[in-house]
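Here is a short briefing on one protein structure. It covers a sheet, a group of aromatic rings and charges over rings.

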Amino acid sequence: MRDRITGSKALMRALQAEGVKTIFGYPGGSIMPVYDSLFDYTRGEKKCFDHILVRHEQGAVHAAEGYARVSGEVGVALVTSGPGVTNTLTGIADAMLDSTPIVVIAGQVPIAALGTDAFQEVDLVGVSQPISKWSYQIRRAEDVAWAVSRAFYIARSGRPGPVVLDFAKNAQTEEFDWEPKKVDFIRSYVPYPKLDQKAVSQAAQLINNAKKPLALVGQGVELGNAQEELKAFLEKADIPAGRTMLGLSALPSDHPLNVGMLGMHGNYAVNLKEQECDVLIAIGMRFSDRVTGNTKTYAKQAKVIHLDIDRSEIDKNVKTDVAVVADCKESLPAITALLNKNKHREWRESFHELDRKEREKVIEPAIHPAEGPLLMGEVVNVVAEQSPDDAVLVTDVGQNQLFATRYFKYHHQRSICTSGGLGTMGYGLPAAIGATFAAPQRAVCCFMGDGGFQMCIEELGTIMEQKSPVKMILLNNHYLGNVRQWQDMFWMKRKSFTKMMNPCYELIAQAYGIPYVAVTDRKDLQAAVRQMLTADGPFLLECAIKEDDNVLPMTPPGMNVNQMMLEI
């Protein structure tokens, strides 16, 4: 007997075959047949999905990103055509730059109506191709199983990223004879390059002969699930390691070889030592301009070894002496096997004086101020000290992000969700929702500024409906703080449209039924954080922050990394 079903029901089966459990979405006309089929798959004996109704399509994609970053699985967003899908483009671009595996499925007008300027028609494939790993229009019901399997294979394999499926309405309603498909090979697509043993040997030889080796650890270690392989590599050769912002939880904060965060607002010692090391080992990172500063002067004294799964990253920003193009879960142990057991005690101890200088001039004043208004650093520090070891840090973008990533503590893998490459304000709140569904047993602490919070504030409705236990920490300084800092430093303190008039957040929290506490005095901070972390469900903690609180250290844009400023 033939199993004849619609394209919409085929989508349900295809998603089920990919192990999807959670979908973040928002219905509309062109995706309505899919939502009708989804009805049966979210309730009763047939239930296999949780559908989370967001309040804006951008929120759906950021929530899918947060889910993917914490779970290690592919996040899924389901939206309608036209403005529904154009609202997802920021999230798709964000996922592309941060290598986050998501699949966005969007409704589309029927094929017969394409090109007629039909209601809510948009050339989705055309607009999404430059910002996705793959974008495809499903025009026939019989192509659904193949397209979905291919989409998930591309999204999760190799260097992960976003995939977009444009699902024509006629393909949703047409009937066909169901036949499952499994795509695990695509000619011309090589997600896992073959490891070059010659490059492995060359890398090991450079490291064995190094006197001052330094590792730069990126998110690729997390994406490759190579955290243990990284530790074995570093410990055998006694290599100090800095971490990019997205790679912060790839190595625990308290690991003896961890020497801090790289980048414009990273730690002082590791940034200066990039200009002193003799061998620089980049692992799953892309040499972002926020890490390198002026590339014309960056690490010119060092031999550069670059481990990356994506060949296009090699020599893109920094010239490489040895390139090991492979999954770091494979390349790291291959190199480790050829390393000599080594000790670089004098080199590692040379970091200590610079660390002491930063602690004295920047860290202690930021986390233990003697007087004055609350500071962002001290709020983050108190939350970090009271949070469980497996807590997940989610941030929005701006000063809240920079303070939070600097002063939070990372003990477990996949413990950070933040928008790195695109720097998307509004990312934090919906990403935190996704994180709570990915790891319901872990505390999720979301730091936001008053600017970014208001960009996706409607997702408080999702939190209210789902009772999503996001611990929201609002660092309110009534400014777009990061822009204000740059205006003060580089634009003669001309604060052009960065001052913000804000609403009463207490009333907003009350409207959504979310517990709320405001802190204006540091004597109340410890108790308020304890109340937030021990509360069941969501909680909003608003902290009144010093208006001109600045993030330091800082490497001014275009400057050398060893020109990092400890004070303004």
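A residue counts as buried under 20% relative accessible area, as exposed over 50%, and as partly exposed in between. By that scale F437, with a relative accessible area of 24%, is partly exposed. The model is predicted.

**The sheet**

- An open sheet is built from 6 strands, in the order β11-β10-β9-β12-β13-β14. The pairing is parallel.
- Its edge strands are β11 (258–261) and β14 (322–325). Each of these pairs on one side only.
- Neighbouring strands of the sheet are turned against each other by 15° on average, direction ignored.
- Helix α11 (residues 227–237) packs on the sheet. The helix touches β9 (213–217), β10 (241–243) and β12 (279–283). The direction of α11 makes about 170° with that of β12.
- Strand β13 covers residues 303–308 and pairs with β14 in the parallel sense. The pairing of β13 and β14 runs over 4 bridges.
- D308 has V325 of β14 opposite.

**The aromatic cluster**

- The structure contains 15 aromatic pairs.
- One of them joins F24 and Y67, with ring centres 6.1 Å apart. Their planes stand at 65°, so this pair is edge-to-face.
- F24 belongs to strand β2 (residues 22–25) and Y67 to helix α3 (residues 57–71). The pair links distant parts of the chain, 43 residues apart.
- How buried are the two partners? F24 has 0% relative accessibility and counts as buried. Y67 also counts as buried, because its relative accessibility is 9% and the cut-off is under 20%.
- F24 also pairs with F437. The centres of these rings are 6.1 Å apart and the planes are at 75°, so the pair is edge-to-face.
- This pair again links distant parts of the chain: F24 lies in strand β2, F437 in helix α19 (residues 428–438). The two are 413 residues apart.
- Which residues make up the cluster? F24, Y67 and F437 form one aromatic cluster.

**Charges over rings**

- R43 places its charged end over the ring of F39. The distance to the ring centre is 3.8 Å.
- R150 lies over the face of W134. Here the distance to the ring centre is 4.7 Å.

Key. Residues are numbered from 1 along each chain as its sequence is written. This is a predicted model: local features need pLDDT of at least 70, side-chain atom pairs count only at pLDDT 80 or more; totals for chains, interfaces and linings use all residues. Side-chain values use heavy atoms; hydrogens and water are left out. Two strands pair if DSSP finds at least two bridges between them. Axes are lines fitted to C-alpha atoms, for helices over the stretch in contact, and angles run from 0 to 180 degrees between N-to-C directions. Contact means heavy atoms within 4.5 Å. Rings of Phe, Tyr and Trp (its six-membered ring) pair if their centres lie within 6.5 Å; planes under 30 degrees apart count as stacked, over 60 as edge-to-face and the rest as tilted. Buried means under 20% relative accessible area, exposed over 50%, partly exposed in between (1.4 Å probe, protein chains only). A charge sits over a ring if NZ of Lys or CZ of Arg is within 6 Å of the ring centre and within 35 degrees of the ring normal.
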